[in-house]
Amino acid sequence: MDAMTGAPSETFGLHHELLTLHLRHTFTIARSSEDIARTLLLRVSVDGLEGLGESSPVGRYSESAELVAQQLDRVNLADANPWHFDTVLDRVARDQRGAMCALDIALHDLAGKRLGVPVYQMLGLDPALARQTSFTIGIADIETMLTKAREALHLPIFKVKIGKGNEIETLEALRSVYSGTIRVDANEAWTPEQAVKALREIDRLDIEFCEQPIKAGHPEQLRFVRERSPIPIVVDEDCRTLEDIAPLHGCVDGINIKLVKCGGMREAVRMIHAAHALGMKVMIGCMIESSILCTAAAQLTPLVEYADVDGPLLITDDPYQGVAYDGAQLRLPDAPGLGVRPRSAA
Ligand code: MG
């Protein structure tokens, strides 16, 4: 590498492998249920240093780990300059956000390692402002959900998946044992009328906000729900990339950004500022994913109001460690780059 120009003097290497992560409990949301998650691990190497990236694609956005692997195989990085993030990421097709995410994270990790600073420092962020994460409780029968809640009573924020009916009884039961903050996520389950009715009913249970009450793609229906709901509305499936934000102005109270949905940290930062400029709150979320992706997500939480970065808490076999959980408080590693390392070397 030429230190002055950053031009690569040896091959910009790209290697990927698939990871299978096993869930602690079967994870059920309004539209699906799973026991394992498949993610893609990406290694980018330049001049003997390696950046780690990950992608946790889901079928909701017509992506899979296998598809992302094929997409990355077609990315031509010959003559690419790893300091020029946007130029490198432009070599991935605009609609291949899962592939873009893995590459974006690996570039950030690599750059931090080459500079000898953590990614949050590269971005000018104060790690003391990292957020507390919510702890997700998937859909199950009420007794099972109560058992999961009792195991996590020391955590200050629950995100409860709902939308398969009996949500009122479920939330009443949870509220009877838990006095912390409760957010709910309906994952597109309701019609606008059902959403208004349900949200008015559960308002007495002190719900912080409701994520994605209705099917994505209908901002005016979100506005209808928001105008009638006593509970603030945050969207996830409705807000994938930067272009999705402006049409949601006035229709929602906030957005949930996930790195694999939007294409990585660089796009996420653009989205955070756009949303704030339009008066929306921002949550940084995650899929079922290892500590690589969740550590990248955690690095951005000093910029936002809410965090839902509990992926590593939901799986039994995370091969990496990075972000630490002090109860719910996210603690960013102070090692260069993402600060992620293999768990076996811990
Ligand atoms: Mg969601």
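Author: One term to begin with. Contact means heavy atoms within 4.5 Å. Helices (H or I, at least four residues) and strands (E, at least two) are DSSP runs, numbered from the N terminus. This is a predicted model, where local features need pLDDT of at least 70 and side-chain atom pairs count only at pLDDT 80 or more, while totals for chains, interfaces and linings use all residues. Residues are numbered from 1 along each chain as its sequence is written, and side-chain values use heavy atoms, with hydrogens and water left out.

Reader: Ok. Which strands does helix α3 lie across?

Author: Helix α3 (residues 97-115) lies across β2 and β3 and runs at about 150 degrees to β3. For such angles, axes are lines fitted to C-alpha atoms, for helices over the stretch in contact, and the angles run from 0 to 180 degrees between N-to-C directions.

Reader: And helix α1, what does that lie across?

Author: Helix α1 (residues 65-73) lies across β1, β2 and β3. Its angle to β2 is about 20 degrees.

Reader: What order do the strands of that open sheet have?

Author: The order is β1-β2-β3, an open sheet of three strands with antiparallel pairing. Two strands pair if DSSP finds at least two bridges between them. β1 (13-28) and β3 (49-55) are the edge strands, each pairing on one side only. On average, neighbouring strands here are turned by 25 degrees against each other, direction ignored.

Reader: How many bridges join β1 to β2?

Author: Twelve, between β1 and β2 (residues 33-46), and the two run antiparallel. Gly 13, for one, has Ser 45 in β2 as its bridge partner.

Reader: New topic. Which residues are the protein donors of the magnesium ion?

Author: Asp 185 (OD), Glu 211 (OE) and Asp 236 (OD), lying 2.1 to 2.3 Å from the ion. Donors are N, O and S atoms within 2.8 Å of the metal (3.2 Å for Na, K and Ca), and water is not among the atoms, so sites may look incomplete.

Reader: How are those donor residues spaced in sequence?

Author: The spacing is D-x25-E-x24-D. Asp 185 sits in strand β6 (residues 181-185) and Glu 211 in strand β7 (residues 207-211), so this pair, 26 residues apart, links distant parts of the chain.

Reader: Are Asp 185 and Glu 211 buried or exposed?

Author: Asp 185 and Glu 211 are both buried. Buried means under 20% relative accessible area, exposed means over 50%, and partly exposed is in between (1.4 Å probe, protein chains only).

Reader: Now rings. How many aromatic pairs are there?

Author: Three. Rings of Phe, Tyr and Trp (its six-membered ring) pair if their centres lie within 6.5 Å; planes under 30 degrees apart count as stacked, over 60 as edge-to-face and the rest as tilted. Phe 135 and Phe 158 form a tilted pair, 6.4 Å centre to centre with 55 degrees between the planes. Phe 135 is in strand β4 (residues 135-137) and Phe 158 in strand β5 (residues 157-161), 23 residues apart. Both are buried.

Reader: Why does the pair of Phe 158 and Tyr 178 count as stacked?

Author: The ring centres of Phe 158 and Tyr 178 are 3.7 Å apart and the planes are at 5 degrees, so the pair is stacked. Tyr 178 lies in the loop between α6 (167-177) and β6, so the pair ties together parts that are 20 residues apart in sequence. Tyr 178 counts as buried, at 3% relative accessibility. Phe 135, Phe 158 and Tyr 178 form one aromatic cluster.

Reader: Last one. Where does Arg 131 lie?

Author: In the loop between α4 (119-122) and β4. Arg 131 is partly exposed, at 34% relative accessible area. Its contacts beyond four places in sequence include Thr 301, Val 304 and Glu 305. The C-alpha atoms of Arg 131 and Glu 305 are separated by 7.6 Å, though the two are 174 residues apart along the chain.
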